[in-house]
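This report covers charged contacts, a pocket and a surface patch in one protein model. The sequence and structure come first.

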Amino acid sequence: KHDAAKDVQDLAPDEYFKRVPDPTFNISMRDARKWEQEIKKRFCLMDYEVQKKVLDDIIAPSADASAYVETQLVEKSERQYLNATMLPMIRTLAKANMLPCIVFHMIRDNC
């Protein structure tokens, strides 16, 4: 029988990308595409109920995060929100030695 839990663990980014041959841990677009293909392949092998649970597990935290951001944007302007969240994020990335990085913001008004 196919072990879906093991698949999920093996495809977690921290585990999967440990196998990237580049010792500097730079992930290429090719590496990301290969990971995506592996996720799709293993997802299709799962039973429908397992697929549903995986999707629910992924969507719930995203929905919670989106609701939190929406609440913050009601209370603050977008500029205030970005100022309050970007600096701590950059400090966290710096402490983790993950700079430079690229951050996407989909609204051009405050760029």
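Glu-38 and Lys-41 form a salt bridge between their side chains, with an N to O distance of 3.6 Å. The model is a predicted one. Both residues belong to helix H3, where a spacing of three residues puts them about one turn of the helix apart. Lys-41 has 49% relative accessibility and counts as partly exposed, because the exposed class begins over 50%.

Glu-38 also meets the side chain of Arg-42 in a salt bridge, at 2.9 Å from N to O. This pair, too, lies within helix H3, four residues apart and about one turn of the helix. Arg-42 in turn has a salt bridge with Asp-10, at 3.8 Å from N to O. Arg-42 is in helix H3 and Asp-10 in helix H1, so this contact ties together parts that are 32 residues apart in sequence.

| Pair | Distance, N to O | Placement |
|---|---|---|
| Glu-38 and Lys-41 | 3.6 Å | both in helix H3 |
| Arg-42 and Glu-38 | 2.9 Å | both in helix H3 |
| Arg-42 and Asp-10 | 3.8 Å | helix H3 and helix H1 |

Is Arg-42 buried or exposed? With a relative accessible area of 16%, Arg-42 is buried, because that value is under 20%. Asp-10, at 22%, is partly exposed. Over the whole structure, a search finds six salt bridges.

The next topic is the largest pocket, which holds about 330 Å³ of space. The lining has 14 residues, and the closest to the centre are Val-8, Phe-43, Met-46, Val-54 and Ile-58. Which helices supply at least two residues each to this lining? They are helix H1 (4-11), helix H3 (29-45) and helix H4 (48-75). H4 gives the most, with six residues. By class, the lining divides into ten nonpolar residues, four charged and no polar.

Elsewhere, Met-89, Ile-90, Leu-99 and Val-103 make a nonpolar surface patch of about 290 Å². Of these residues, Leu-99 is placed in the segment after helix H5 (78-95). Leu-99 has a relative accessibility of 37% and counts as partly exposed. That value clears the patch criterion, because patch residues need over 30% relative accessible area.

Conventions: Residues are numbered from 1 along each chain as its sequence is written. This is a predicted model: local features need pLDDT of at least 70, side-chain atom pairs count only at pLDDT 80 or more; totals for chains, interfaces and linings use all residues. Side-chain values use heavy atoms; hydrogens and water are left out. On a 1 Å grid over the protein atoms alone, a cavity is a set of points where a 1.4 Å probe fits but cannot get out, and a pocket is an open set with protein on both sides within 12 Å along at least five of seven lines; lining residues have an atom within 4 Å of a point. Grid points are joined across faces, edges and corners, and a volume is the space filled by probe spheres set on the points. Ala, Val, Leu, Ile, Met, Phe, Trp, Tyr, Cys and Pro count as nonpolar, Asp, Glu, Lys and Arg as charged, and the others, Gly among them, as polar. Patches are made of residues with over 30% relative accessible area and no salt bridge: like charges are joined within 9 Å, nonpolar side chains (Val, Leu, Ile, Met, Phe, Trp, Tyr) within 5 Å. Accessible areas come from the Shrake-Rupley method with a 1.4 Å probe; for residues, only the protein chains shown count as cover. A salt bridge is a side-chain nitrogen of Lys or Arg within 4 Å of a carboxyl oxygen of Asp or Glu. Buried means under 20% relative accessible area, exposed over 50%, partly exposed in between (1.4 Å probe, protein chains only).
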